[in-house]
Structures are given as C-alpha cells and as structure tokens.
Amino acid sequence: MNNAIQLIFVYGSLRRGFHGPAFQYIAPYFKHLADGKVKGKLYDLGEYPAALPTTDDHFIIGELYEANSPDEFDWAISQLDDYEGVHPEEGEVQLYERALTTVYTDNGEFTAWIYWYKCDVTDKPVIESGDVLEYMRQKAK
C-alpha cells in the first residue's frame, strides 16, 4: 500500500448525507476536506451504488476525506476494506477493490483512494447525474 496517500474519496454510504452507520464509522477517523468528483460512472445495484472508472467525461460526485491521524490510517482503511468487501471470506465474491484515483475539487486535484466495483453491471441502471444522494432523492419522489 502507498502509505503516503492518506486521502479517501467516497461516493455512496460513507458520504455525510447518508447519516448511516457507515458514515458514523468514518467520522472519528477521517475529516472532510472537500466535495469533489472523479472520472467514472455510477450504477444502481439496488442496495448500494457501484462505481466503475472511465476515461471519458462522466463524473462521480462525492467527498474527499483525510485521515485525522497518520498513525491510525492503516487500521482505519483496513476497516473500510472489510466494509467494502475488498478481502472476502473463502467462497465469497470480491465486490470492490481499492485503488488510487484523481479527485477534482474547487481547491485543485488530489490523489486519493477509491473503491471501484469489480463485478458485472450489465443491465443495471446508470446514475446519470453521478450523484447517488441526488438520485436517491429523485427516486423517493
């Protein structure tokens, strides 16, 4: 792992707007730096979104976080890896992989970790806005 990078970009249940248990987990270990976007496409899998990287001009809206304590980063990110299914148990499918990406913010570009989906999204709806919170609000209407 590249220990020099202690930033993480989140686009789904780890965002502040979800107010769920996943965000409550991240809050003590990471501080919000900026809202931002990354090149990619979001898909609606029902229970959660899936992000796939792209090189075209599709963007995923999310938030950039920095570790509160460099000494706790490895532990905190390993907990998020578990939450995202990066290291599945024997017989389970790996849903996500953590990789570095470029995050675009109003304060410039940053390199941060992101969780990309590893499974098939064929026939899954694309979240055209790239913003899962906005998409969920529209769906609820």
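1. A residue counts as buried when its relative accessible area is under 20%, as exposed when that area is over 50%, and as partly exposed in between. Trp75, with a relative accessible area of 44%, is therefore partly exposed. The structure discussed here is a predicted model.

2. The aromatic pair that involves Trp75 deserves attention. The ring centres of Tyr29 and Trp75 lie 5.3 Å apart, and because their planes meet at 55°, the pair is classed as tilted. Tyr29 belongs to the loop between H1 and S2, whereas Trp75 belongs to helix H2; the pair thus links distant parts of the chain, 46 residues apart. Tyr29 has a relative accessibility of 22%, so this residue too counts as partly exposed.

3. A search of the whole structure finds five aromatic pairs. Another of the aromatic pairs joins Phe59 and Tyr104 in an edge-to-face arrangement, with 6.1 Å from centre to centre and 90° between the planes. Phe59 is in strand S4 and Tyr104 is in strand S5, so this pair ties together parts that are 45 residues apart in sequence. Phe59 is partly exposed because its relative accessible area is 23%. Tyr104 counts as partly exposed as well, at 26% relative accessibility.

4. Tyrosine rings also form a group: Tyr48, Tyr96 and Tyr117 are linked into a cluster by ring pairs.

5. Phe59, already noted for its pairing with Tyr104, has the charged end of Lys37 over its ring, 4.4 Å from the ring centre. Over the face of Trp113 lies Arg98, at 4.6 Å from the ring centre.

6. Which residues does Phe30 touch, not counting residues up to four places away in sequence? Its contacts are Ile8, Tyr65, Glu66, Ala67, Asn68, Phe73, Ala76 and Leu80.

Conventions. Residues numbered from 1 in each chain as written. Predicted model: local features only at pLDDT ≥ 70, side-chain atom pairs only at ≥ 80, totals over all residues. Heavy atoms only, no water. Contact = heavy atoms within 4.5 Å. Phe/Tyr/Trp six-rings, centres within 6.5 Å; stacked < 30°, edge-to-face > 60°. Helix = DSSP H or I, 4+ residues; strand = E, 2+ residues; numbered from the N terminus. Buried < 20%, exposed > 50% of the residue type's maximum accessible area, 1.4 Å probe, protein only. Lys NZ or Arg CZ within 6 Å of the ring centre and 35° of its normal.
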